[in-house]
Amino acid sequence: MQKTYLMAAAAVIALPSAANAQADEDFELWLNPSVEVGIDEDTAFELETAQRFRDSENGRVDTYFFRGWIKQDLNDNLTLAGAVEQRFNDGGSDELRTMQQLSASYGVFRGRLRLEQRFVDGNDGRMGLRLRPRAGVAFPLSDDGRWSAGADAELFWTLRGNSPTSDTGITGLRTQVGVGYEVSDNLELSLTYLRQQDFEDGPDEIGHAPLIGIEFSF
């Protein structure tokens, strides 16, 4: 069963490359440390950060963000969350985002639906609106449950661009496959291969990145 999931994940990641042989591809490095604090049995606050290192000479600037989440468990399988994010783009326009998110799980299957409101510096306060549906699988690799693996695919559906000339519709695809390890009840480490494809009028822009995650909760 686990081999089937991993083969399916590899197929999902390979399909966009086959469909778009001509593309602007580059290597990136992403870090994703976060800290979560329980407020009560069903509610938590998470401070999530990210550092995305890219090649500025190739037109891809480094990006950093700080994001504060409030999460509310509706039941064992559904979590509702909201966040405010400040994003910094080296040499580019910084961005403020607000977002609402519903996460679901059923057995090995995982799903997430996120709605984002985006405010980019220099766009006269115009709000961009984007929907991000994601689906995937997650399953244990060891009997004690400390080792796990997962894969998912996420669409970027732009409902309203940050400028009148911005592209709308399906503008991107992100696929991931990786493993995680619970060091303790409070600390989890993960290593993921991430592929980010932005659909362009010319060659698509594609980034390949190892994503190192560090999650601490208390």
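Contact here means heavy atoms within 4.5 Å. What you're looking at is a predicted model, where local features need pLDDT of at least 70, side-chain atom pairs count only at pLDDT 80 or more, and totals for chains, interfaces and linings use all residues. Residues are numbered from 1 along each chain as its sequence is written, and side-chain values use heavy atoms, with hydrogens and water left out.

**Overall layout and confidence**

- The protein chain has 1 helix and 12 strands, taken as DSSP runs numbered from the N terminus (helices are H or I with at least four residues, strands are E with at least two).
- Reading from the N terminus, the order is α-β-β-β-β-β-β-β-β-β-β-β-β.
- Average pLDDT (the predictor's confidence in each residue, from 0 to 100) comes to 90 for the protein chain, and 90% of the residues score at least 70.
- Residues 1-19 are where pLDDT is below 50, and that stretch has 21 contacts in the model beyond near neighbours in sequence.

**Burial and surface**

- Of the 218 residues in the protein chain, 33% are buried (under 20% relative accessible area; exposed is over 50%, partly exposed is in between, with a 1.4 Å probe and protein chains only).
- The chain's accessible surface is about 12,100 Å², and carbon and sulfur atoms hold 58% of that (Shrake-Rupley method, 1.4 Å probe; for residues, only the protein chains shown count as cover).
- A nonpolar surface patch brings together F27, L29, F53, L141, W147, V179, V183, L189, L191, I212 and I214, with about 910 Å² of accessible area together.
- Strand 11 (187-198) and strand 12 (204-217) are the elements that give two or more residues to that patch.
- Patch residues have over 30% relative accessible area and no salt bridge; like charges are joined within 9 Å, nonpolar side chains (Val, Leu, Ile, Met, Phe, Trp, Tyr) within 5 Å.
- L141, one of the patch residues, sits in the loop between strand 8 (127-140) and strand 9 (147-160) and is partly exposed at 38% relative accessible area.

**Salt bridges**

- The structure holds 16 salt bridges (a side-chain nitrogen of Lys or Arg within 4 Å of a carboxyl oxygen of Asp or Glu).
- E28 and R54 pair up through their side chains at 3.2 Å, N to O.
- That pair links distant parts of the chain, 26 residues apart: E28 is in the loop between strand 1 (23-27) and strand 2 (29-38), while R54 is in the loop between strand 3 (43-53) and strand 4 (63-73).
- E28 counts as buried at 5% relative accessibility, whereas R54 is partly exposed at 24%.
- R87 and E85 form a salt bridge at 2.7 Å, N to O, and both are buried.
- E48, R67, E85, R87, E95, R97, R112, E116, R118, R130, R132 and E154 are tied into a salt-bridge network.

**A look at E95**

- E95 lies in strand 6 (residues 95-106) and is buried, with a relative accessible area of 4%.
- Its side chain meets that of R118 in a salt bridge at 2.6 Å, N to O.
- R118 belongs to strand 7 (residues 109-120), 23 residues from E95, and the pair links distant parts of the chain.
- R118 is buried too, at 16% relative accessibility.
- Neighbours within four places in sequence aside, E95 is in contact with E85, Q86, R87, R118, F119 and V120.
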